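Work through these exercises with the structure open beside you. Try each task before reading its solution.

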Amino acid sequence: MKLNAIVKAALLSLLPVSSLLAQEAPQYGAWVAGFGEYYKVDNDKPNAMDNFEDASGFGAELGFRFTPEWGARLEWSRLNFDSESGLNDRDGDRFGIDALHYFDKKQTYLFAGFKHQNLGENYRLVNFGLGRHWDLSQDWKLVTEAAAYYDFGQDFTDFGVKLGLAYTFGGNSSGSSAGANSAAQTVAEVDSDGDGVNDSQDRCANTPSTDRVDAFGCTVFDEKTVSSALDMLFAHDSYKIANPQSQQVKNFADFMQQYPDTRVTIEGHTSLVGTEAYNQTLSERRADAVKRLLVEQYGITADRIQTVGYGESRPLDNADNEAAHKANRRIHAQISTTKKVKLNR
């Protein structure tokens with residue numbers, strides 16, 4: 001009876017506080033939950049009949065969330081404690097009250113409070129722990145918690161874990177509390193960055209409203225292949241670069257600087273005029289000349305560039321005329337990579 005009076009008095013004492021909080025900040029809602037519990041007993045926990053082993057049981061709670069950050073709850077549980085001898089197993093009740101502090105949008109919370117445990121002997125406990133409400137639907141939540149229970153008078157610490165199911169609902173519908181609930185609903189439905197996902201579910205703040213987003217308000221990306229090519233012609237029997245400042249060279253160097261993880265192979269080629277051995281050496285010199293240009297004038301790291309000479313083995317045009325010879329005196333380089341691209345609405 002005394003314990004019931006204490007719990008009722010504690011609940012009544014919260015009512016004016018909750019009314020004040022409802023006026024100052026939007027009321028976030030309430031819940032009722034049932035849970036199963038595993039309870040690990042401290043070996044130093046005193047018991048006149050026998051030493052306790054671990055316990056398991058079930059319970060229920062009624063909670064109120066006064067602001068997005070703060071809530072409170074009343075809790076009852078029924079636990080079955082095994083004794084070491086197996087002859088003095090004990091069922092007992094635990095009553096208590098907790099304050100809850102929520103610190104993220106995912107409904108994770110810290111809690112602390114006071115408990116009274118009756119196992120024939122009475123234990124008065126201070127508890128603290130970590131919990132979370134996991135969304136199953138708009139109204140139903142999965143409850144997970146871990147807590148420690150400390151008895152200052154008898155200096156022992158028990159531990160417990162809970163798994164439960166909670167049904168959430170709004171506050172009362174009259175007076176200032178009704179206005180507070182309406183304000184809370186309005187706050188919950190705000191979409192500050194205009195991406196179509198309410199702030200309560202948005203994990204990526206300030207997403208541009210033009211971006212396509214996922215269910216958590218984060219920009220959706222796709223992979224796109226981008227590439228750049230470099231083709232240069234050379235005079236007969238020469239590996240001198242005619243225009244090292246050409247726009248094509250600048251664009252190619254800019255691409256490599258923009259994507260520093262890319263690597264490239266520069267291919268050197270010659271016309272069909274001359275001996276095969278001479279043309280092989282000339283093609284290698286043409287490729288090396290372009291590599292030197294990219295390294296020395298455009299700052300590309302040398303180990304990102306390979307060169308290869310194909311001599312006269314890969315002509316673009318097999319004809320024996322000046323136009324064919326000119327087209328075959330060349331280098332060619334091709335580079336590509338993938339990048340993430342935002343998807344628009």
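**Exercise 1: The chain as a whole**

In this predicted model, 37% of the chain's 345 residues count as buried.

Task: State how many helices and strands the chain has, and what share of its accessible surface belongs to carbon and sulfur atoms.

Solution. 
- Step 1. Count the elements. There are 5 helices and 12 strands.
- Step 2. Take the surface. The accessible surface is about 18,900 Å². Carbon and sulfur atoms account for 54% of that.
- Step 3. Look at the contacts between residues at least 6 apart in sequence. Of these, 61% join residues at least 24 apart.

**Exercise 2: A sheet and its helices**

Task: Find the strand order of the open sheet of 4 strands.

Solution. 
- Step 1. The order is 9-12-10-11, and the pairing is mixed.
- Step 2. On average, neighbouring strands are turned by 20° against each other, direction ignored.
- Step 3. Take one pair. Strand 10 (residues 264–269) and strand 12 (residues 330–342) are antiparallel, with 4 bridges. Gly-268 has Ile-331 of strand 12 as its bridge partner.
- Step 4. Helix 4 (residues 276–296) lies across strands 9, 10, 11 and 12, at about 160° to strand 11.

**Exercise 3: Nonpolar cores**

Task: Which residues of the largest nonpolar core touch the most other members? Which elements give two or more residues to this core?

Solution. 
- Step 1. The core has 24 residues. Leu-230, Met-232, Phe-252, Ile-266, Val-290 and Leu-294 touch the most other members.
- Step 2. Two or more residues come from each of strand 9, helix 3, strand 10, helix 4 and strand 12.
- Step 3. Zoom in on Phe-252. Leave out residues up to four places away in sequence. Phe-252 then touches Ser-228, Ala-229, Leu-230, Val-264, Leu-294, Ala-333 and Ile-335.
- Step 4. Look for a second, separate core. It has 20 residues, including Phe-52, Phe-81, Leu-119 and Ala-147.

**Exercise 4: The disulfide**

Task: Locate the 1 disulfide found in the whole structure. Is it right-handed or left-handed?

Solution. 
- Step 1. Cys-204 and Cys-218 form the bond, with sulfur atoms 1.9 Å apart.
- Step 2. The torsion about their S-S bond is about 80°, so the disulfide is right-handed.
- Step 3. Both cysteines lie in the loop between helix 2 (175–188) and strand 9, so the pair ties together parts 14 residues apart in sequence.
- Step 4. Compare with the cut-off: buried means under 20% relative accessible area. Cys-218, at 16%, is therefore buried. Cys-204, at 25%, is partly exposed.

**Exercise 5: An alternating strand**

Task: Sort the side chains of strand 4 (residues 90–102) by face.

Solution. 
- Step 1. Recall the rule. In a regular strand, side chains alternate between the two faces of the sheet.
- Step 2. One face is buried: Arg-90, Gly-92, Arg-94, Gly-96, Asp-98, Leu-100 and Tyr-102.
- Step 3. Find the partners. Strand 3 (residues 70–83) runs antiparallel to strand 4, joined by 12 bridges. Strand 5 (residues 108–119) is also antiparallel to strand 4, over 10 bridges.
- Step 4. Phe-81 stands opposite Arg-90, and Asp-93 opposite Asn-118.

Note on methods: Residues are numbered from 1 along each chain as its sequence is written. This is a predicted model: local features need pLDDT of at least 70, side-chain atom pairs count only at pLDDT 80 or more; totals for chains, interfaces and linings use all residues. Side-chain values use heavy atoms; hydrogens and water are left out. Two strands pair if DSSP finds at least two bridges between them. Axes are lines fitted to C-alpha atoms, for helices over the stretch in contact, and angles run from 0 to 180 degrees between N-to-C directions. Contact means heavy atoms within 4.5 Å. Buried means under 20% relative accessible area, exposed over 50%, partly exposed in between (1.4 Å probe, protein chains only). Accessible areas come from the Shrake-Rupley method with a 1.4 Å probe; for residues, only the protein chains shown count as cover. A nonpolar core is a set of buried Ala, Val, Leu, Ile, Met, Phe, Trp, Tyr and Cys residues joined through side-chain atoms within 4.5 Å. A disulfide is a pair of cysteine sulfur atoms within 2.5 Å.
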